[in-house]
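Please view the sequence and structure before reading on.

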Amino acid sequence: MKVHICLVYLLLAATASGGMAAHAADASLEALLEGEFALQEGEPAAAAAAYVRAAELSDDASLSERAAQVSLLADDFELARRALARWRALAPAAEALRPAEAQLALKTGDQIGAAIALRELLHRPKGWREAVRVLASASESLNTSAILSRLVRDDALPDEFDAWLAFGGLAQRLQLKELGEELAERAIRRFPENPRAWLWQAEVAQRRKDSEAARAAIAKAVQFGPLDTETRLAVAAQLDALGDPKAAAAALASGEQDDTTLAGRAAYLARADDESALTELYESAAAGAESATPARLYLLGQLAELREQTGPALDWYGRIGSGLQREQARLRIAVLLDKTGKLDDALARLRELQASDSDYGEVLRDAYLLEAELLQKHQRSDEAIDAYARGLAIFEDDPELIYARALGHERRDDIAAAEADLRRLIELDPEDADALNALGYTLADRTDRYQEALDLIQRALKLKPDTPAIVDSLGWVLYRMGRTEEALPHLRRAFELQRDAEVAAHLGEALWMSGDKDEARSIWRVGRELDPDNRALKQVLERLDR
C-alpha cells in the first residue's frame, strides 16, 4: 500500500462529520491498516479479508480495486467476488475492472465467463496487452491453455502483428507447441508481407530442426526490404543459429550502419574467422574516428585486438573519455598490458579501477575477477584468492566472485574451501544449476563421495537439461562409480553437444578403460587439437602414460 493512501484515509477519518460517517471511516481505516500490516507480514489471506472489509465500508473505488487485487493474489475467490461486486457498483466503467473479472473467471474454471471477458479486452485498442497479461497470470491453470486455444482457433486475435507475436510467446511459455506452430502459420496468412512473420516461421522451423524450411522463411523475409535495423538484427540471429555467421554478417551489412550493426558484424565475422572481412570492417569503422562515439571507439579497440594489433587497440581504448565503454576499456587495457609482459602495470590499473568511484558496479566487480584471473595465469594462486576476498568484501555474496573463488580453491587442491563456496552459492539459490553441477563434479572428481555427487548432478540436469557440462558431469560420476557402460552414452552425448577438451579427456578415459583404445586415442587427438594445454586432458594422459 502506498503511503498516500493511508494519508487520504487519515484525512477522511479526521474530517468525517456525523456519527455514522465517522464510525464507517474509522472502521474502514482500521481494516485498511490491518490489511497492509498483514501484507507486510506475508499473510495474503488475512490481508485480503481486511481489504475487502475496508472496501465494503468505503465509497472509494480505488480501495475496492486494491481489495480485488489482494484477494486474487491470495486465491480467495469468494472475497474476490465481493471486492469485484463493490468495485463494479462504484465504478462500472473502470478500465481495469474487466481484466480482474477475467482473471477470477480463469482461476475459478469459468471458461465461458473468461472467454467473454477476454474477447471484450481484445476489442479494445491495445487491449490484447491486458488479455495476454491476464492469461499469463493464470498460466498454471488448465483453463488458460483451453481458452487460449479457443481464442486462436476462433480467429479472435486483433489485426495487429505484435498481438499475434505476444500470444505466440504465451503459447510457447505454456508449452503448447502445436498451438504455437499454428499461430506462426496463421500469421503468415494474415500478415504475408510482414518480414517478422516469416522470421517467426523460421524460428519455428529451427525448433523442428528443419534447416531447409528455416532458410526458405528467412529468404522470404529479406525480400521485403529495405529492412529496419531491428529486423536485420533478427535475420542475422536466425542465420547465425543455422551455423552461418558469415551470412549473418552480410545481412547486417545491407542497410544503414550504426554502432549496433557494426558490433554485430564484427562478432559474426570473428565467429566465421573471416580475417579479410574483419580488416575491411575495421578500416571502414575507423574512417571519421575523430568524431566517433565511445561505443565506436570501443569496437575499434576490439577489432584491433582481434587483428592482434596491441598498440592500436590500446590507442583506441585510451581515447574513450566517459561512460560504460570507458570503464570496460580499462579492463581491456589491463588484459593487453599483461599480454605485453607488463603484469604489474596491469594489476596497478585494475586496482586503480577498484578504488575509483565508478557508477558501473559490474565493471568494478569484474576488475577483481580479472585481477584474480591474471594472477592465476602467472601461478600466483594465493594472491588470486586474496583478490577474490577483497572483491567479496565490497560485493558481498556476489555469485560470480564466489564461483570463481571456488574454482581457484579447487586448483590449489583446497577442496574443503571450494566445497564451502559452492555450498554457499546453493544456499543463496537452491536452483543454481551451475553451482549444483560444479559441486557435484568436484565431489566426483576429487573425493569418493560419489552418491552425493550423483544426486547434485541429477538436480542440476533437471534444471538445465542437455547442458553439455552437466551431461559430462553425469557421465563422469557414473564412470567414477565403476558404471562405465552407463557412463559412456552420457559422455558421448556431452561430446556431441560441445566439442571440448575436458569432455574429450573424460570420454577418452572411459573408452580406454572399456577396452576401446583406438577410439580413445582418436578422441584424445581431437581434444589436443581443441586445447593442448587443458589441465584435465594432460592429467589423464599422464595418468595412463599416453
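Which helices each supply at least two residues of the lining of the largest pocket? In this predicted model, they are helix H24 (399-411), helix H25 (415-428), helix H26 (433-446), helix H28 (468-480), helix H30 (501-513) and H32.

**Largest pocket**
- The space in the largest pocket comes to about 950 Å³.
- Its lining consists of 39 residues, and those nearest the centre are Tyr441, Glu502, His506, Arg535 and Ala536.
- H28 gives the largest share of this lining, with eight residues.
- Sorted by class, the lining of the largest pocket holds 15 charged, 16 nonpolar and eight polar residues.

**Second largest pocket**
- The second largest pocket has about 350 Å³ of volume.
- Its lining residues are Leu369, Glu373, Gln376, Lys377, Gln379, Arg380, Ser381, Tyr388, Arg411 and Arg535.
- Two or more of these residues come from each of helix H22 (361-377) and helix H23 (381-394).
- H22 provides the largest share, four residues.

**Asparagine 534**
- Asparagine 534 sits in the loop that lies between helix H31 (517-530) and helix H32 (535-543).
- Its relative accessible area is 13%, so asparagine 534 counts as buried, the cut-off being under 20%.
- The asparagine 534 side chain reaches the backbone nitrogen of leucine 537 at 2.9 Å.
- Beyond neighbours within four places in sequence, asparagine 534 contacts Ala501 and Glu502.

Methods:
Residues are numbered from 1 along each chain as its sequence is written. This is a predicted model: local features need pLDDT of at least 70, side-chain atom pairs count only at pLDDT 80 or more; totals for chains, interfaces and linings use all residues. Side-chain values use heavy atoms; hydrogens and water are left out. Buried means under 20% relative accessible area, exposed over 50%, partly exposed in between (1.4 Å probe, protein chains only). A polar contact is a pair of N or O atoms within 3.5 Å; within protein, one must be able to donate a hydrogen and the other to accept it, and residues adjacent in sequence count only if both atoms are side-chain atoms. Contact means heavy atoms within 4.5 Å. On a 1 Å grid over the protein atoms alone, a cavity is a set of points where a 1.4 Å probe fits but cannot get out, and a pocket is an open set with protein on both sides within 12 Å along at least five of seven lines; lining residues have an atom within 4 Å of a point. Grid points are joined across faces, edges and corners, and a volume is the space filled by probe spheres set on the points. Ala, Val, Leu, Ile, Met, Phe, Trp, Tyr, Cys and Pro count as nonpolar, Asp, Glu, Lys and Arg as charged, and the others, Gly among them, as polar.
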